[in-house]
Amino acid sequence: MKLLSVTPPPFQNISNKELDEKLANGLTVIDIRRPEEWQETGIVAGSIKATAFDKDGRFQRSFLDILQQSVSPDEPFAVICRTGNRTAALSNWLITEGGYKGVINVQEGITAWIKEGRPVEKPGA
């Protein structure tokens, strides 16, 4: 079998260093994890909390309501989860089916953010 080509994802993947730089310029970050995950690790300061999937992996329609209230379809924003797997799948859907153009996936998630010694804050209600 011969590999003919590799198609890049339709969204942008960024490292934590790149996220840090974009945060300094006012990028919106949406943390798609569940409330118990936010409580366990904290969140990137200023993140909007919007659970996208329940513990069984079912999509939460309330996520779309929060997303629509938080960013416009043309506005760049980042999504973050634990390790980047959920956000990669969600980013792909948001670009190909959801009508969003500026989706940025934090490819290593909050666990790498914390491991690198970057700051987190305890989430409010």
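Reader: Leaving aside its neighbours within four places in sequence, which residues is Leu-19 in contact with?

Author: Good place to start! Contact means heavy atoms within 4.5 Å. By that rule Leu-19 is in contact with Ile-14, Leu-27, Val-29, Ala-78, Ile-80, Val-106 and Trp-113. Please keep in mind that this is a predicted model, where local features need pLDDT of at least 70 and side-chain atom pairs count only at pLDDT 80 or more, while totals for chains, interfaces and linings use all residues. Residues are numbered from 1 along each chain as its sequence is written, and side-chain values use heavy atoms, with hydrogens and water left out.

Reader: Where is Leu-19 found, and is Leu-19 buried or exposed?

Author: Helices (H or I, at least four residues) and strands (E, at least two) are DSSP runs, numbered from the N terminus. Leu-19 is found in helix H1, residues 16–24. Buried means under 20% relative accessible area, exposed over 50%, and partly exposed in between, using a 1.4 Å probe and protein chains only. Leu-19 has a relative accessible area of 0%, so it is buried.

Reader: How do I read the pairing of strand S4?

Author: Two strands pair if DSSP finds at least two bridges between them. S2 and S4 run parallel and are joined by four bridges, with Val-29 opposite Ala-78 in S4. S4 also pairs with strand S5 (residues 103–106) in the parallel sense, over three bridges. There, Ala-78 stands opposite Ile-104.

Reader: Which residues of S4 are buried on its two sides?

Author: Phe-77 and Val-79 are buried on one side, and Ala-78 and Ile-80 on the other, which leaves both faces of S4 covered.

Reader: What handedness does the unit of S4, H4 and S5 have?

Author: Picture the strands pointing away from you: a crossover is right-handed if the path from the first strand over the helix to the second runs clockwise. S4, H4 and S5 make a β-α-β unit that is right-handed.

Reader: Which residues touch the most other members of the largest nonpolar core?

Author: A nonpolar core is a set of buried Ala, Val, Leu, Ile, Met, Phe, Trp, Tyr and Cys residues joined through side-chain atoms within 4.5 Å. The largest one has 18 residues, and Ile-30, Ile-32, Phe-63, Leu-67, Phe-77, Leu-94 and Val-103 touch the most other members. At least two residues of this core come from each of helix H3 (62–70), strand S4 (77–80) and helix H4 (85–96). Another core, of eleven residues, lies apart from it and includes Val-29, Val-44, Ile-80 and Ile-110.

Reader: Which side chain joins that of Arg-86 in a polar contact?

Author: A polar contact is a pair of N or O atoms within 3.5 Å; within protein, one must be able to donate a hydrogen and the other to accept it, and residues adjacent in sequence count only if both atoms are side-chain atoms. Arg-86, in helix H4, has its side chain joined to that of Glu-37 by a polar contact of 2.8 Å.
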